[in-house]
Amino acid sequence: MKTLKKNIQFKSTVFFIFTALFLALVSCSGEIFDPELKVETVVEEFLGNDAVTVDKLGNAYISEYGRFVNTGGTGTRVFKVTPGGEVSEFITGLSGPLGNAMDAQGNFYVVNANNTVNGEILKVAPDGTRSVLATIDGWPAGLTLDYKNNIYVSNFLTPTVHKITQNGEVSVYANDAKLAGGVGIDFDRKGNLIVGNYSSADILSINKEGSVSVITTIPDIVVNGFGIGYITVVGNSIFATGIGINKIFRISKSGKYEVFAGTGEAASVDGLLNEASFNAPNGISSDPYHKALYISEFGGTSAVRKIKFY
């Protein structure tokens, strides 16, 4: 009898350990999320309305594109927002800043001075020193980094993604008609570049050879040319902002898509994922440990929104 009890206890312990490990792995993969997750507002009435980057301490850096006037954006800053909601000016004196990223050394990269003819990729060192790494024709929009700090830039007007080294060497990483309209850009776990098409609502994948394929197209979400704002990859899931219909989408690598958060109402209302609302959600990024999503809003008085994964 004692042996039987020990066997039962052992099997029960193994079962619970296995279950806990399984749930942890599933959570890290980004495939399953608690439906009781909530949307919360970190900052209200906020001027940052474009790309978002989050550093290892959980600080969010948000570009102030402003509004499009003539040939560029009216914004001039990148803001820093602490996890507690404290706002400061991180970089000033810019011209309609868009996509951004930060490397492990604290260098900050931002698409700047876009005039619909070309735009510059600006590097800002931790001491504030600025250098233009490259000028890209068209309308460079989003950017991301690889592990060597090479920069990959999407383009709203041309069917390209460019690669830029730290020495300023520029090459075309991919060229495909489907890429025109690209804004959001990020790497997946296998080293493929994922691009969200602002105009067509396509989610695209670029393999290491530069070949472009369509993961999926989210239907009926493009309103007056506004489809997908930015995207971010968390585990095996892609999150995209439906800027035109006020929703956040989750897309699997197999191409399945679903509304992850948002009722569709143009308002900044906190609550459960299926009860909360966004006002033209635009920028989106995860923290380095994938514990939360940070979202900027383009509509209304704008706000910084957050979704914790636990």
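This note sets out points on the strands, cores and selected residues of the structure.

1. Basis of the model. The model is predicted, so local features need pLDDT of at least 70 and side-chain atom pairs count only at pLDDT 80 or more, whereas totals for chains, interfaces and linings use all residues. Residues are numbered from 1 along each chain as its sequence is written, and side-chain values use heavy atoms, with hydrogens and water left out.

2. The largest nonpolar core. This core holds 39 residues, of which I151, F260 and I307 touch the most other members. A nonpolar core is a set of buried Ala, Val, Leu, Ile, Met, Phe, Trp, Tyr and Cys residues joined through side-chain atoms within 4.5 Å. Buried means under 20% relative accessible area, exposed over 50%, and partly exposed in between, with a 1.4 Å probe and protein chains only. Elements that give two or more residues to the core include β9 (108-112), β11 (130-137), β13 (151-155) and β23 (257-261). Strands here are DSSP runs of E with at least two residues, numbered from the N terminus.

3. Contact means heavy atoms within 4.5 Å. A second, separate core of 14 residues includes A201, I228, V233 and A240.

4. Strand β10 (residues 118-124) is mostly covered, with six of its seven residues buried. On one side, β9 and β10 pair in the antiparallel sense over five bridges; two strands pair if DSSP finds at least two bridges between them. In this pairing, Y109 has K123 in β10 as its bridge partner. Seven bridges join β10 to β11, and these two strands also run antiparallel. Here E120 stands opposite T135 in β11.

5. The two hairpins. The hairpin of β9 and β10 has five residues between the strands, and A113 takes a positive phi near 55 degrees there. In the hairpin of β10 and β11, which has five residues between the strands, the positive phi belongs to G128, near 95 degrees.

6. L133. This residue lies in strand β11. L133 counts as buried because its relative accessible area is 13%. Its C-alpha atom is separated by 6.7 Å from that of K123, ten residues apart along the chain. Among the residues that L133 touches, leaving out those up to four places away in sequence, are Y109, I121, K123, I151 and I164.

7. The sheet of β20 to β23. Four strands form an open sheet in the order β20-β21-β22-β23, with antiparallel pairing. Strands β20 and β23 are its edges, each pairing on one side only. Neighbouring strands are turned by 30 degrees against each other on average, direction ignored; the axes are lines fitted to C-alpha atoms, and angles run from 0 to 180 degrees between N-to-C directions. Four bridges join β22 (residues 247-252) to β23, and R250 has E258 in β23 as its bridge partner.

8. T216. Strand β19 (residues 212-217) contains T216, which counts as buried because its relative accessibility is 10%. The side chain of T216 reaches the backbone oxygen of G255 at 3.1 Å. Not counting residues up to four places away in sequence, T216 touches A201, D202, I203, I251, G255 and Y257.

Terms used
Polar contact = N/O pair within 3.5 Å; in protein donor to acceptor, adjacent residues only side chain to side chain.
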